[in-house]
Amino acid sequence: MKSSEMKNKDLLLYAVTDRKWLKDGVTLADECKKAIDGGVTMIQLREKELGYDDFLAQAKELKTLCQSRGIPFIVNDNVQIAIEVGADGIHVGQEDMHADDVRKLAGKDMILGVSAQNVEEAVTAEKNGADYLGVGAVFPTSSKDDASEVDFETLKEICQSVSIPVVAIGGITEDNIKELKGSGIVGISVISAIFAQEDIKDACERLCANTERILPADSSAYKDIKGAIFDIDGTVIDSMKIWDKAGLMFLEKHGIKGDDDLGKRLFAMTIGDAGKYIQENFLPNMKPEEISAGVNDVIRGFYINDAQPKEGMIELIKTLKEEGVKLTVATSTDRDVFMPCLERLGLDKYFDGIFTCTEVGHSKAEPEIFNQALELMGTSPKETWVFEDGLYSAKTAKSLGMKVAAVYDETSRHDWDEFRLMADAIIRIND
Ligand SMILES: Cc1ncc(COP(=O)(O)OP(=O)(O)O)c(N)n1
Ligand SMILES: Cc1ncsc1CCOP(=O)(O)O
Ligand SMILES: [Mg+2]
């Protein structure tokens with residue numbers, strides 16, 4: 001991977017190797033495979049004891065593994081080995097070769113990571129060509145003897161002072177990671193919370209999920225963005241649950257108490273079918289159309305009075321607008337249902353155009369709605385991001401060459417593993 005192709009998402013869970021944790025008969029490649037299976041997005045080979053030839057042989061093995069699994073491979077400290085093995089990148093600290101010299105030797109395409117402990121080092125590293133920063137130790141660590149600690153405020157100041165992405169490193173565990181929320185980091189870099197664990201794959205899965213949970217929906221993740229297309233339900237508005245519950249709430253109004261199973265059955269039906277089902281099973285004296293209209297009223301009432309934004313989305317939309325990005329809506333929900341909510345939240349004024357599947361005459365499994373949004377914004381697919389909680393809609397957007405920010409929503413959790421992998425950025429706040 002070239003440095004220009006690296007996304008923030010590639011830095012989500014960055015594993016740094018340490019052979020001191022290897023069990024008998026197990027190789028670093030074996031352990032790295034488990035880590036990649038668990039969701040590690042980048043690997044750094046860190047060898048402090050090996051001679052040149054052994055270091056090179058190990059680098060070749062891990063480079064082949066990472067390449068076959070589609071994640072970047074980085075070499076720690078040794079620029080020569082990084083170049084010889086054709087690594088994707090090199091990571092150097094303040095005591096190692098200077099970043100500008102590394103850049104000259106390694107060329108513009110190699111990913112260059114630099115350690116920084118304060119704002120001055122961070123700003124200098126960016127000027128000297130760093131593509132990302134590793135900042136730490138953010139917690140006490142036993143994996144690096146000479147690591148000095150970096151407090152939360154300094155980490156935050158560093159993130160605010162540079163435009164390149166920052167990962168935190170040092171003593172990070174699946175529990176303390178939540179303390180890094182709000183710092184501005186795009187990911188974490190970890191040794192022992194991965195390689196010292198009994199079940200490496202399992203540990204990585206939890207670290208990944210917990211890291212996703214602390215990342216902001218901020219605009220810095222969306223490289224080269226000129227246009228943005230927002231889904232509404234489950235993306236901008238926390239409204240998916242009402243579709244799940246509307247049938248039950250309607251029944252409750254008529255004094256009938258349903259259970260979760262009934263809720264799930266009704267959710268899987270169209271509103272028309274739900275009307276028929278409720279009539280046949282609970283309200284024989286009411287017409288199915290009246291029931292369907294009643295369920296619809298429950299939904300509308302929720303949008304008018306109660307629906308809340310997903311965390312961080314209002315701020316994101318405002319920031320993108322301020323940055324001159326064209327904004328549109330593409331939604332499967334009918335205009336008269338969601339507009340009162342957008343208006344109540346003061347969001348309607350930010351959008352240059354609003355497209356609904358009903359009005360366009362095609363679902364989001366087809367390209368029409370996205371193409372109409374692109375045409376109105378006058379942006380090309382590759383400079384346009386689609387913010388979506390629905391995997392199938394995201395697949396359509398991807399097939400048109402657009403970038404996708406996957407927004408986590410509880411109702412589509414079963415798709416998340418596939419969705420997070422295909423997306424160019426992830427928004428998963430407080431699920
Ligand atoms: C991602 C990442 N961040 C920081 C470091 C530390 O690098 P450095 O300060 O050069 O210390 P050593 O790792 O070389 O002991 C890192 N390796 N990776
Ligand atoms: C390499 C490095 N640089 C700063 S802290 C550190 C060690 C990170 O290891 P761990 O995740 O086990 O604390
Ligand atoms: Mg170093």
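Predicted model: local features only at pLDDT ≥ 70, side-chain atom pairs only at ≥ 80, totals over all residues.
Figure 1. A disulfide needs two cysteine sulfur atoms within 2.5 Å. C66 counts as buried because its relative accessibility is 1%. Now turn to C204, whose sulfur is 7.0 Å from the closest cysteine sulfur, in C208, so this pair is too far for a bond as well. C204 has a relative accessibility of 0% and therefore counts as buried.

**Figure 2. The surroundings of ligand 1.** Which residues come nearest to ligand 1? Of the 15 residues around this ligand, they are R46, K48, D96, S115 and K144. Have a look at R46, where a polar side-chain atom lies 2.7 Å from an oxygen atom of ligand 1. In the side chain of K144, an N or O atom is 2.9 Å from an oxygen atom of the ligand. N76 brings a polar side-chain atom to 3.2 Å from a nitrogen atom of ligand 1. On its own, ligand 1 has 420 Å² of accessible area, and the protein covers 91% of that. Sorted by class, the shell around ligand 1 has 7 polar, 5 charged and 3 nonpolar residues.

**Figure 3. The surroundings of ligand 2.** Among the residues around ligand 2 are R46, A137, T141, S143, K144, I169 and G170. A polar side-chain atom of T141 lies 2.6 Å from an oxygen atom of ligand 2, and the side chain of S143 has an N or O atom 2.5 Å from an oxygen atom of the ligand. For G171, it is a backbone N or O atom that lies 2.6 Å from an oxygen atom of ligand 2. How much of the accessible area of ligand 2 does the protein cover? The protein covers 93% of the 380 Å² that ligand 2 has on its own. The shell around ligand 2 divides into 5 polar, 4 nonpolar and 2 charged residues.

Figure 4. The protein chain is divided into domain 1 (3-215), domain 2 (227-238 + 308-427) and domain 3 (241-305). The C-alpha centres of domain 1 and domain 2 lie 32 Å apart. Between these two domains, 7 residues of domain 1 are in contact with 9 residues of domain 2.

Definitions and conventions
Residues numbered from 1 in each chain as written. Chains lettered and ligands numbered in written order. Heavy atoms only, no water. Buried < 20%, exposed > 50% of the residue type's maximum accessible area, 1.4 Å probe, protein only. Near = heavy atom within 4 Å. Polar contact = N/O pair within 3.5 Å; in protein donor to acceptor, adjacent residues only side chain to side chain. Areas by Shrake-Rupley, 256 points an atom, 1.4 Å probe, with all protein chains shown as cover. Nonpolar A, V, L, I, M, F, W, Y, C, P; charged D, E, K, R; others polar. Domains from an automatic or database assignment. Contact = heavy atoms within 4.5 Å.
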